[in-house]
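Have a look at the model below before reading on.

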Amino acid sequence: MYDLPSRSALQKAWEDLQEIHAQYLAKYRVKLPPAIQYDEQARSIWLSVLFHYQDQGQDVHKNFISAVCQRDYPGLAPDQQVRHLKRDGWKLHNDGKGNHRLDPFQPSLEYLNTEYRKDGLLAAKSFDDIKRTFGYSCATCGAREGWPDPRYGEDKVRLQRGHRDPAKPANDKLNIIPQCQFCNRAYRGDFVFDEKGRAWAVADIGPVQRASTDVKKKLLQFLRGLFNGVGK
């Protein structure tokens, strides 16, 4: 795979993929870039290249897709992160070395689970309904309600109301996650969690206060650079 595909070939791939999306993927809310021409957006170029070579049974390296983007949409960054298509529901197979292959006929299982959980949370009328969408397990560690937690001896898991973001309304169903009593106590209100229950951002200064001096110095240097004298 050395020569870049022609623009006409990619436009045909884009038009064919739009038809497949309408028939197989739209019902699952897989996100299709709103583009008529394949080269209107980065993601429409990614998908057109992947679909063009999927029809030939070939994997495509992300650097090859980046090269097509540089040719057809020069303002884009030179390193395109094709794996992010999974967030939109597209099912990609990859080998961990940057090679991707598109399955255009079914959504990714991870995306389906995320959408199912979101629907379940929106329809929830009680905390028990929310626990059901998480399989009666702690969103953060996966411990099962009613079972002994091997980390803490024979203490059985009790799911408590945790919050993805302590700064957001506590009664917002999309902000509520079930956490075992151990995770809920350990994380307190110090962190923001993603939709999978993983801590990904700091919500309060507690973790900073408990950090080592070296970490605090790194944070101080970062914040000085970020604000650059703001507030003086």
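Buried here means under 20% relative accessible area. Keep in mind that this is a predicted model.

With that cut-off, helix H3 (residues 62-72) has these buried residues: Phe64, Ile65, Ser66, Val68, Cys69 and Asp72.

Now for helix H4 (residues 109-123). Tyr111, Glu115, Gly120 and Leu121 are the buried residues of H4, and they pack against helix H5 (127-133) and strand S5 (176-180).

| Helix | Buried residues |
|---|---|
| H3 (residues 62-72) | Phe64, Ile65, Ser66, Val68, Cys69, Asp72 |
| H4 | Tyr111, Glu115, Gly120, Leu121 |

Zooming out, the protein has 8 helices and 7 strands. Its radius of gyration is 23 Å, whereas a compact globule of 232 residues would come in near 17 Å. The C-alpha atoms fill a box of roughly 60 × 50 × 30 Å along the principal axes.

As for burial overall, 36% of the 232 residues count as buried. The protein exposes about 14000 Å², with carbon and sulfur atoms supplying 52% of that. Among contacts between residues at least 6 apart in sequence, 51% join residues at least 24 apart. Finally, the charges: 37 are positive and 29 negative, and their mean positions lie 7 Å apart.

Key:
Residues numbered from 1 in each chain as written. Predicted model: local features only at pLDDT ≥ 70, side-chain atom pairs only at ≥ 80, totals over all residues. Heavy atoms only, no water. Buried < 20%, exposed > 50% of the residue type's maximum accessible area, 1.4 Å probe, protein only. Helix = DSSP H or I, 4+ residues; strand = E, 2+ residues; numbered from the N terminus. Contact = heavy atoms within 4.5 Å. Rg over C-alpha atoms; globule rule 2.2 N^0.38 Å. Areas by Shrake-Rupley, 256 points an atom, 1.4 Å probe, with all protein chains shown as cover. Lys, Arg positive; Asp, Glu negative; His and termini not counted. Charge placed at Lys NZ, Arg CZ, Asp CG, Glu CD.
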